[in-house]
There are 2 protein chains.
Amino acid sequence: MSYELRGRDEADAAGRARTIAREQTVELPEGTYGAAIERDVVGRVESVSPRDQGRWCAVVSYPVEVAGDDIPQMLNLLFGNVSLLGGVRVVGVDWPAPPLAALPGPRHGIAGIRVLCGIREPRPLLCSVLKPLGASTRDLARRCHDLALGGCDLIKDDHSLVDPPTAPFAERVHRCQEAVALANARSGGSARYAPNVTGALEALDQRVELARDAGCAAVLISPLPQGLDAVRRVVDRHGVAVVAHPALAGAFFGPERGIAPEILLGDIFRLAGADAVIFPDAGGRFPVDRRTCDAIADHLRRPLGSYRAALPVAAGGIDVEQAVERVDRYGPDVGFLIGGSLYARRDLVETCRRLRRSLGATAGGG
Amino acid sequence: MSYELRGRDEADAAGRARTIAREQTVELPEGTYGAAIERDVVGRVESVSPRDQGRWCAVVSYPVEVAGDDIPQMLNLLFGNVSLLGGVRVVGVDWPAPPLAALPGPRHGIAGIRVLCGIREPRPLLCSVLKPLGASTRDLARRCHDLALGGCDLIKDDHSLVDPPTAPFAERVHRCQEAVALANARSGGSARYAPNVTGALEALDQRVELARDAGCAAVLISPLPQGLDAVRRVVDRHGVAVVAHPALAGAFFGPERGIAPEILLGDIFRLAGADAVIFPDAGGRFPVDRRTCDAIADHLRRPLGSYRAALPVAAGGIDVEQAVERVDRYGPDVGFLIGGSLYARRDLVETCRRLRRSLGATAGGG
């Protein structure tokens, strides 16, 4: 595990790394536990190297047994008590190979999502969102129809749409799923609707079952508000494709504390079972740089044990006119989630059609 | 909801507050949704007032329906997308009254924990921890016995002790529970052992059941690695007292982003059902100030709707010799979790006895 931390000099930084190695394992001062535990349990500081402005990079290795075999303990080892030390940032993880056996990773992955959406050519997916909270089921279903008819591949609920009186979950899922089916019948396409199933654990299970029974092949979950292990359980139990929303993730993205975005959204969301991960793209309404976005996309798609690649879905204020430019950066294995700027156009169907054509042309020619 | 945020001037800060109010509800630009939604759904900026160094405090109110009725949506409204904006910190929440109906709050609370531990007089609880990871079941059970015999009220597993080969969960729970029972029989006390049940959701349920069947009245959970709603479900289903560990919480404690510690550990952990909440105390090995610790303790104990008060458990490197001094600050309704500095003493039983006597004397006389 690589940590970025503060240090007056190399010795100071090494001391802090050693503190981390103990804090994440025995949580005891030296001398209060035996040599076998020191050897078999306590993390080992492998290296300390300078970075900019009094920051250092420390590599600490842990016995693989300490990582346990579930998501809570993995998070705990990764950043549990260390989070409370302040000034420490997790910037790299060498996942053990074979990776943590109990973590399923994507069940569908990029290839599986392409199959679900009937996409044979190598092109980015056009994704959109049903909102706002407060709209009626009827309005949302009409939007869902128009987006699908225009050629959106994946249409998800807004993550704040749960079970509001204006668009109750069961009614919304049935109407939106019917709307997509109707649009698909008209267009010959295979758009998919992913309802937001995030909620209390009992409701989560019921919602996934209801969605699956209604014909939905994908669902939206916000893994951090929901609890990451609940994503793993949905994947294990229900087999639907999971689209993950980054709500709350920004808490971890401090400049000098937290977990690097490519590790949290890239590695951890993927290991937990997300088939597609929404992230705020550079140039939108969230302050994020290109390098970070490239790293997130890379971590979702790079070879990692036997795990399938997950689809990076760039989002967060992508303008209709700018989506196509982004294909050069991300290549065809990406989704573009376009919401507000589509809604601002008069003709949703026609705008989607034009966008889908240009996305297809760009990548198909590449 | 009160946010601390950056702003060039009042107008700029008000603009950011308005962005938050939309981001957390409709997530759409103005003009792309109707007047009814603006009125019924979008948050309203109530006030903006200056703080130090270009920071502002903005109060935004949301319709209570937007908060939903479960923990994931509550977290989402609290800090979901806002987390990704950067530079925004949640510093105050006026919880609706009656509070969120689906959140149970503590089932036992301070009074209930006192009953479980057989404590009639108004004095702080002496708490300790079984560690390190890597120790055998036999060693841990012996420590558990000695701590209980010495007068510890509550003895919890280390949060990194899950199900290691050196001390498997089922074996550990049975041996440690027997050890506590034996010590109680000898001392006439009523010490309680709280095993760490954190894990995959299926394992969590099995562990709680096993612990309860073995006679444990309390369990330890790390709510953030576990998922906060899983705490709520344990409280709803199993009725055991829940001791909450702050692992991962530090991710939220950035100086200019995140959620104030008294809201996360004080309000949210309590609403989710924690009966006791461990927090790093000032003057220990974690960088935290007194004001923050006082605020955490206050939020756990203050009147809040019909919720029971939860026990603040000060921890994180409290020295045996310094525990007593802290009683003046926290009063009798507090626990002191003392681990490493107890372990460093030769005679665990005698050190505990001395400490328990001095804690009892201090508070009993107050």
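## A quick tour of a two-chain model

Let's start with a glycine: Gly227(B) is buried, since its relative accessible area is 2% (buried means under 20%, exposed over 50%, and partly exposed in between, with a 1.4 Å probe and protein chains only). This is a predicted model, so local features need pLDDT of at least 70 and side-chain atom pairs count only at pLDDT 80 or more, while totals for chains, interfaces and linings use all residues. Residues are numbered from 1 along each chain as its sequence is written, chains are lettered from A and ligands numbered from 1 in the order in which they are written, and side-chain values use heavy atoms, with hydrogens and water left out.

**Two loop residues in chain B**

- Gly227(B) sits in the loop between helix H9 (223-226) and helix H10 (228-238) of chain B; helices (H or I, at least four residues) and strands (E, at least two) are DSSP runs, numbered from the N terminus.
- From Gly227(B) to Pro72(B) it is 155 residues in sequence, and 9.1 Å in space, C-alpha to C-alpha.
- Ala309(B) belongs to the loop between helix H12 (290-301) and strand E12 (311-315) of chain B, and it is partly exposed at 23% relative accessibility.
- Beyond its neighbours within four places in sequence, Ala309(B) is in contact with residues including Pro106(B), Ile110(B) and Arg270(B) (contact means heavy atoms within 4.5 Å).

**Where the chains meet**

- On chain A, 64 residues are in contact with 63 residues of chain B.
- Together the two chains bury about 5,500 Å², with 62% of it on carbon and sulfur atoms; buried area is the accessible area (1.4 Å probe) that two parts lose on being put together, summed over both.
- Glu27(A), Leu84(A) and Leu248(A) supply 12% of the area that chain A buries against chain B, more than any other three residues.
- There are 8 salt bridges between chain A and chain B (a salt bridge is a side-chain nitrogen of Lys or Arg within 4 Å of a carboxyl oxygen of Asp or Glu).
- Glu27(A) makes a salt bridge with Lys131(B), with the closest N and O atoms 3.9 Å apart.
- Arg285(A) and Glu27(B) also meet in a salt bridge, at 3.2 Å from N to O.
- Of that pair, Arg285(A) is partly exposed at 34% relative accessible area, whereas Glu27(B) is buried at 11%.

**Salt bridges inside a chain**

- Over all chains, the count comes to 66 salt bridges.
- Asp267(A) and Arg302(A) form a salt bridge at 3.1 Å, N to O, and this pair links distant parts of the chain, 35 residues apart.
- Asp267(A) is buried at 0% relative accessibility, while Arg302(A) is partly exposed at 23%.
- In chain B, Asp236(B) has a salt bridge with Arg232(B), the closest N and O atoms being 3.0 Å apart.
- Both Asp236(B) and Arg232(B) lie in helix H10 of chain B, 4 residues apart, or about one turn of the helix.

**Aromatic rings**

- The structure has 5 aromatic pairs over all chains (rings of Phe, Tyr and Trp, using its six-membered ring, pair if their centres lie within 6.5 Å; planes under 30 degrees apart count as stacked, over 60 as edge-to-face and the rest as tilted).
- Phe279(A) and Tyr330(A) are edge-to-face, because their planes are at 70°, with the ring centres 6.0 Å apart.
- Phe279(A) is buried at 0% relative accessible area, and Tyr330(A) is buried at 4%.
- Phe279(A), Tyr330(A) and Phe336(A) make up one aromatic cluster.
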